[in-house]
Amino acid sequence: MKTTIVLHLLLLSTISFAQQRPTAEKPNVIIILTDDQGYADVGFNGSTEIPTPNIDRIANNGVVFTSGYVTYAVCGPSRAGLLTGRYQDKFGFSKNPLMAPKDSLMGLPLSEETIGAAMKKAGYSTVAFGKWHMGVHPSLRPNKRGFDEFYGFLSGGHKYFPKDFVLADIEQSKSQYDAYNTKLLRNTERVEESEYLTDALSREAVDFVERHQKEPFLMYLAYNAPHAPMEATEEYLNRFLHIKDLKRRTYAAMVSAVDDGVGELLDKLEELDIDENTLVFFLSDNGGPTSHNASDNSPLRGFKGDFFEGGVRVPFAVQWKGVIPAGATYDYPVSSLDIFSTAVALAKVTPKNELDGVNLIPYLTGEDKGVPHQELYWRNYNANKFAIRTLDSKQIMERETTYLFDIQKDIAEKVNLAYGQKDRVKAIEHLIKEWEMSLMDPVFMGLSEEKKYSELHPDRFDK
């Protein structure tokens with residue numbers, strides 16, 4: 001594989017330096033997560049329409065994962081996988097949770113340890129910014145799930161302009177999407193915000209680094225951009241007057257706002273001289289919903305909600321200056337699950353539960369000559385759909401159709417090989433059946449079942 005060869009050539013010139021440079025016992029870890037960003041909507045994946053010079057700094061300073069995946073094709077389950085380092089179907093988080101303020105089971109089960117809780121055991125200061133989406137019941141909120149600090153919102157989305165933050169608290173919600181209009185939370189207290197939401201999250205991230213520069217920290221910076229509603233300031237919109245389609249222009253502006261924030265954060269790390277002691281990940285939570293928000297997943301097939309590549313293969317890069325090679329690409333499949341495993345390995349802490357990810361650093365430095373994963377898996381419980389990515393193939397199993405793609409030669413998944421390679425299909429089906437035995441049924445109802453849930457819980461929004 002060409003990109004893997006490129007990485008290995010770079011490794012030859014960087015390994016000796018990396019081994020000579022002593023690393024801190026507990027490097028900082030920053031996870032920058034965007035929401036619904038298209039695969040092609042970053043410079044390091046070829047975008048020329050939406051410049052992302054600051055996000056690209058992470059790629060230029062480190063490694064781009066050209067086969068970087070998340071564990072699901074929509075927000076909630078994908079984030080549950082990232083935050084726990086475990087396939088979310090193993091603990092029943094198979095759907096997007098509903099807005100149910102009184103339901104202690106509607107979100108991330110208490111049996112699961114978050115990356116924040118794990119890193120706290122190693123003495124890290126931990127913070128979550130932005131979108132939570134792991135439950136709104138008081139027992140499920142960030143400060144109860146391993147994060148010392150939180151600034152953001154609990155629901156699956158939010159308005160961007162402070163004039164719309166009109167609800168004093170989540171308990172004033174009367175419908176699923178009322179929470180988009182709540183005031184933001186600083187830990188457990190509602191606050192008044194005056195800035196465009198993306199800018200506010202960036203401001204808070206920079207401030208946290210300033211306050212915690214002398215101690216190890218874990219930051220989970222979960223921007224809700226460019227998730228709907230499509231809202232951007234004139235400052236950002238004016239950068240894209242050449243884009244005639246207003247929806248695409250607004251989307252580009254929202255991505256550009258994130259890019260500015262990433263630049264401010266990277267600048268602060270350099271200013272405080274802690275950039276070489278900080279591991280920085282960047283990725284999207286799933287593919288872009290091209291039919292809704294003008295994102296671009298090319299050359300991939302499909303979009304958010306799909307198990308085609310456009311739903312689960314995402315822009316994904318990491319930097320750790322002086323330790324992993326700069327300006328490299330890595331083509332073996334990696335997963336958002338690996339972020340948790342990498343962090344706890346560097347922090348030298350034992351997680352509560354068995355993880356499904358791996359520590360990526362030995363693979364990126366060349367210390368481990370193997371591959372991180374032989375297979376990656378996906379399940380859509382409601383649709384009875386499964387998918388598996390092996391080193392050279394991708395198979396999707398639906399109720400009535402099976403797809404098999406030579407994913408190395410056919411990244412766009414144009415040619416279905418299933419009918420001509422039945423033995424290969426059966427062998428891969430066997431792998432999926434084995435994996436399925438480790439899963440459980442969903443533990444809560446999801447968005448598609450909102451009407452039924454409300455009928456069963458008529459006091460859902462009552463105080």
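**Notebook: cavity, helix contacts and backbone**

I began with the largest cavity, and the element that gives the most to its lining is strand β13 (residues 375–380), with three residues. Strands (E, at least two residues) and helices (H or I, at least four) are DSSP runs, numbered from the N terminus. I note that this is a predicted model, in which local features need pLDDT of at least 70 and side-chain atom pairs count only at pLDDT 80 or more, while totals for chains, interfaces and linings use all residues. Residues are numbered from 1 along each chain as its sequence is written, and side-chain values use heavy atoms, with hydrogens and water left out.

**Cavity**

I looked up how a cavity is defined: on a 1 Å grid over the protein atoms alone, it is a set of points where a 1.4 Å probe fits but cannot get out, and lining residues have an atom within 4 Å of a point. Grid points are joined across faces, edges and corners, and the volume is the space filled by probe spheres set on the points. I found one cavity of 30 Å³ or more. The volume of the largest cavity is about 30 Å³. I listed its lining as Tyr69, Val70, Thr71, Tyr87, Ser335, Leu337, Leu376, Tyr377 and Trp378. The classes are nonpolar (Ala, Val, Leu, Ile, Met, Phe, Trp, Tyr, Cys and Pro), charged (Asp, Glu, Lys and Arg) and polar (the others, Gly among them).

**Helices α3 and α10**

Next I took helix α3 (residues 75–84) and helix α10 (residues 337–347), whose axes come within 6 Å and cross at roughly 20°. Axes are lines fitted to C-alpha atoms, for helices over the stretch in contact, and angles run from 0 to 180 degrees between N-to-C directions. I therefore put α3 and α10 down as roughly parallel to each other. The cut-offs are under 35 degrees for roughly parallel, over 145 for roughly antiparallel, 65 to 115 for roughly perpendicular, and oblique for the rest. In contact (heavy atoms within 4.5 Å), Gly81, Leu82, Leu83 and Thr84 of α3 meet Leu337, Ile339 and Phe340 of α10.

**Helix α7 and its partners**

I then checked helix α5 (residues 197–211) against helix α7 (residues 246–271): they pack at an angle of about 10°, with their axes 9 Å apart. That makes α5 roughly parallel to α7. From α5 the contact includes Thr198, Asp199 and Ser202, and from α7 it includes Ala257, Val258 and Gly261. The residues of the contact of α5 with α7 divide into seven nonpolar, three polar and five charged.

I found α2 packed on α7 at an angle of about 50°, with the axes 7 Å apart. That makes α2 oblique to α7. Pro53, Asn54, Ile55, Arg57 and Ile58 are the α2 residues here, and Val258 is one of those they meet in α7. I have six nonpolar, two polar and five charged residues for the contact of α2 with α7.

**Backbone**

Which peptide bonds did I note as cis? The bond from Ala228 to Pro229 is cis, with omega near 5°, and the bond from Ser298 to Pro299 is cis, with omega near 5°. I placed Pro229 in the loop between β8 (217–222) and α6 (234–237), and Pro299 in the loop between α8 (290–293) and α9 (309–312). Asp36 has a positive phi of about 70° although it is not a glycine. I found Asp36 in the loop between β1 (28–34) and α2 (53–61).

Notes:
On a 1 Å grid over the protein atoms alone, a cavity is a set of points where a 1.4 Å probe fits but cannot get out, and a pocket is an open set with protein on both sides within 12 Å along at least five of seven lines; lining residues have an atom within 4 Å of a point.
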